[in-house]
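Hi,

Here is the structure I promised to send over.

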Amino acid sequence: MTIQFNDETFRDDYSFYNSERAIKRFPFPFHEDSYMYSVNMEQHRGGPMDSVYEKRFDVDEHYVAEMKDRAMVLADDPLRCQSLPHMTLAGWDLLELIMVSKSEDYPDLFELHRDGNKWRWVNKPLGIDDTFTFLDDTTLPYGPMEYITRQAQGDFCVLDQRDDNLWMDAGMVTTQADWSLDFDIGMNFFEWHAPVPLAHEKGIFVRALKFLLNIQQGAPARRLNWTMTVNPLLDTSPENYHKWGIQKTTLTPENIGTKQHLRVELQTFFRLPRSNALVFPIRCYLCSFQDLMTAPKWGRRLHRVIRDLPVELATYKGFIDNRPMMLDYLSQFDDGLPTSPGIWPDLDTEPSLQK
Amino acid sequence: MSGAEKIAVIVTDIVPLNDLVTRFEFKPIDGGLLPTFSGGAHTVVEMQDGDITRLNPYSLMSDPMDQTAYAISVRRDDEGRGGSLFMHRNVKVGDKMTISYPVNLFSLDLRAKKHLFLAGGIGITPFLAQIKQLERLGGNWELHYACRSESLGSYVDELTSHHPNETHIYYDDQDQKIDLLNLLDGQPLGTHVYVCGPKGMINWVRQTAEGEGWPREAIHYEEFLAPQPGKPFEVKLAVSNKVIQVGENESLLEAIEREGVDAPYLCRGGACGQCETRVIDYTGNFIHRDHWLEDDEHASGEKIMPCVSRFEGKTLVLDR
């Protein structure tokens, strides 16, 4: 399979777009017509062919543009990438995991040649061909975590495990849904989740932590999370809220279909072998309302989910003010017909819109 | 399926070290590479002992970066239920066995400025892997290792010849004892202490270090309990709707598995918490042996760790 990489931007003129293929494989996060928090974990061991679940680290048409956007964010704000001193070994673990996975899963795009600790890494889409010594930091232009995550889509939190807790001790975070690595660095699992409403009362985080602490080598896990973003922005960080927050007020009934995006995070979890740390990649997928409505099932369901979402969650996810306008738009695509269970669009079996 | 991922291996070497301890080496059957691991990790070894499937955890003691082979050292326990005896008597070079992926419940705290290792007897094994890891990374460590006698001092020669400055050996039969108070007192700030050995030694080190004001987070210990034999008892498994008998020489967890009920587990030694099971009803007394549940949880009668704990009485109903 050869991927045609888009020439596109996630800022200024927002020329980002999804091809028909990208829309079909978009990870729609709602498996039923309503939404509430749950520890919705499953094993991360492949999935349907060409779905975002198929490979360990999904590479898609946005790869090259996303890496350019990351480089721009880092040039403006180097603190988006931090690694406390004891996390360097985990950085090497992550470098190995990504290089081995990508070279095995996309041999036409990535190559890894290993001769003992002498490694050669070829990244064709980004035009990189580097030789270095594994576990020797001086042989790479950046630390190992920064080096490899400048070449991998999605944010990466590298969590140290100790005292029966997880600690946000390293990360590369430039495509986040309004949280800050620089603020959270060094915090434990309960501290960095403190702002989330409702979930603490439901005991979600105690159970989630227990699950994560027990993720073992060779048995990665995954889940989906979601929010809403106006304009296809990757960098919706608190640091830049003054730039993007105001854009939420530019939504109109005329432009909402193209401007309003459903933002879905494919979150995966891998135990890292040498450091016993846990890596938590958070891969962001964006899809405009207009493109989502091409799947009749998604149109019906998104309307029902957004309509019935508790006020606390709509507020926390930052779209409470725009919810009435969203519902006006989405209701046009909900004819009241039942939807099939599961997240897949079921294009062959779902009836077309009956309006 | 419960437990960590499995690896099919072949026994490639068996080396008796002394009267009690034998080392076993495993290589993958498919000729490929094994996963790297972190020092302190263990593997669960599956033993097919007649009709009984035994699953015993052993610390990996080989170099964590060596992906060609794993090694474990097994101390023969003549009073135990038979897992170590099976390894010593029945396992031969060339045998095919199944082991689990590495699981680490005794990880190094990589923030430590110095790692102070205290080992008793067979408790030396996790430290052997941690020492190899730290040597590669340039870490600062020191080992104090208490053995019963020179003849039972597994790996003493290797340690003292490779690391004469870092290794300190104590023989019980020569009345040599770790001077713990002085040892702890002399450590630089940022030192973490790790202890692995008999229960009495672990308690001694934890209590002494805590008494000297060491932070709880800087004291690490690992003790795998072997399940102890006990009187047979009957259990009702409410979810699977089965009544099962737990025999004298099997654990509650093993009896559940024998009946084909899939129950979660990792360490099988009362340490990891994975097999925690809710008690729905009981009349009788629990024999709690794990160190996962807190004292008040033991007293509550609401939870049991079936890997090492037992029951004596009339009725026990579990949420499994």
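A definition to start with: two strands count as paired if DSSP finds at least two bridges between them. The helices (H or I, at least four residues) and strands (E, at least two) are themselves DSSP runs, numbered from the N terminus. This is a predicted model, so local features need pLDDT of at least 70 and side-chain atom pairs count only at pLDDT 80 or more, while totals for chains, interfaces and linings use all residues. Residues are numbered from 1 along each chain as its sequence is written, chains are lettered from A and ligands numbered from 1 in the order in which they are written, and side-chain values use heavy atoms, with hydrogens and water left out.

**The sheet in chain A**

Chain A has an open sheet of 7 strands in the order S1-S8-S9-S10-S6-S7-S2, with antiparallel pairing. At its edges are S1 (42-43) and S2 (81-83), each of which pairs on one side only. Within the sheet, S9(A) and S10 (residues 278-288) run antiparallel and are joined by 9 bridges.

Take a look at A:Glu265, which sits in S9 (residues 260-271). Its bridge partner in S10(A) is A:Cys284. A:Glu265 is buried but has no salt bridge, and the nearest side chain of opposite charge, A:Arg263, is 5.0 Å away. (Buried means under 20% relative accessible area, exposed over 50%, and partly exposed in between, with a 1.4 Å probe and protein chains only. A salt bridge is a side-chain nitrogen of Lys or Arg within 4 Å of a carboxyl oxygen of Asp or Glu. For charge, Lys and Arg count as positive and Asp and Glu as negative; His and the chain ends are left out.)

What A:Glu265 does have is a side-chain polar contact with the side chain of A:Gln267, at 3.0 Å. (That term means a pair of N or O atoms within 3.5 Å; within protein, one must be able to donate a hydrogen and the other to accept it, and residues adjacent in sequence count only if both atoms are side-chain atoms.)

**A buried helix**

Helix H11 of chain A (residues 296-308) has 13 residues, and 11 of the 13 are buried, so it is largely enclosed by the rest of the structure. Its covering includes H1 (20-24), S8 (221-230), S9, H10 (289-292) and H13 (323-331) of chain A, where contact means heavy atoms within 4.5 Å.

**Salt bridges**

Another joins B:Arg278 and B:Asp319 (3.3 Å, N to O). That pair links distant parts of the chain, 41 residues apart: B:Arg278 is in S15 (residues 277-287) and B:Asp319 in the segment after S17 (310-318). B:Arg278 is partly exposed at 47% relative accessible area, and B:Asp319 is partly exposed at 28%.

**A strand in chain B**

What about S8 (residues 114-120) of chain B: how many of its 7 residues are buried? The count is 7 of the 7, so this strand is largely enclosed by the rest of the structure. S8(B) runs parallel to S11 (residues 191-196), with 6 bridges, and B:Phe117 has B:Tyr194 as its bridge partner there. S8(B) also pairs in the parallel sense with S9 (residues 141-147) of chain B over 6 bridges, where B:Ala119 stands opposite B:Tyr145.

Cheers

Technical notes: Expected span 1.5 Å × (residues − 1).
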